[in-house]
Amino acid sequence: MQLRHEPVALVLSRQPMPTLDRSTLAPAAGVARGAYVLVDPPGGTPEVLLMATGSELGLCVGAGEQLAKEGVKARVVSMPSWELFERQSRDYRDEVLPPAVTARVSVEQASTFGWHRYVGARGEAIGMHTFGASAPLKELQKRFGFTVDAVVAAARRVLAAR
């Protein structure tokens with residue numbers, strides 16, 4: 001991997017987020033490549049891809065666990081940098097996001113802008129389409145679909161549409 005001298009940012013949150021247990025999930029080494037497989041289903045090719053960039057990753061992990069209980073093979077992809085991911089080889093990008101897996105869901109508590117290049121025509125991007133709502137965080141998350149149940153429902157819809 002080539003080192004680059006470019007701007008870097010630390011992005012922090014005021015909101016509580018779960019700590020990812022790296023003893024059961026993939027190590028964070030893939031961050032340097034922009035995106036990596038955080039959770040892969042046992043027993044073969046995933047049926048659905050769940051993607052997020054940061055604080056929403058916990059929702060995807062929770063949804064993946066719920067889907068696994070239902071017998072659905074879900075891959076969770078941590079995608080903190082589209083720019084770094086796009087610099088990777090086509091082989092690597094296809095390894096992380098297999099083209100044959102068209103059932104895809106992205107979760108972004110900001111705009112859905114840009115996610116359609118990764119979820120495709122058959123996928124679903126969960127995100128904000130409005131601005132200015134004010135309420136306690138948990139109420140807003142539920143209202144706008146930033147819950148494990150909403151991600152599971154989106155995964156079911158994209159799977160049914162295949």
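Leu-97 touches Leu-49, Met-51, Val-77, Met-79, Phe-85, Arg-104 and Tyr-118, leaving aside residues up to four places away in sequence. Contact here means heavy atoms within 4.5 Å. This is a predicted model, in which local features need pLDDT of at least 70 and side-chain atom pairs count only at pLDDT 80 or more, while totals for chains, interfaces and linings use all residues. Residues are numbered from 1 along each chain as its sequence is written, and side-chain values use heavy atoms, without hydrogens or water.

Leu-97 also belongs to the largest nonpolar core, which has 42 residues. Val-48, Leu-50, Met-79 and Val-105 join Leu-97 among those with the most contacts inside this core. Such a core is a set of buried Ala, Val, Leu, Ile, Met, Phe, Trp, Tyr and Cys residues joined through side-chain atoms within 4.5 Å. Buried means under 20% relative accessible area, exposed over 50%, and partly exposed in between (1.4 Å probe, protein chains only).

Five strands form an open sheet in the order 1-3-2-4-5, with mixed pairing. Strand 1 (36-39) and strand 5 (124-128) each have a single partner strand, so one side of each lacks a neighbour in the sheet. Strands are DSSP runs of E, at least two residues, and helices are runs of H or I, at least four, numbered from the N terminus. Two strands pair if DSSP finds at least two bridges between them. Strand 2 (residues 48-52) and strand 4 (residues 104-111) pair in the parallel sense over four bridges. Leu-49 has Arg-104 of strand 4 as its bridge partner.

Next, helix 1. Its buried residues include Leu-57, Cys-60 and Leu-67. Their cover includes strand 1, strand 2, strand 3, strand 4 and helix 6 (148-160). Just after helix 1, Gly-71 takes a positive phi of about 85°.
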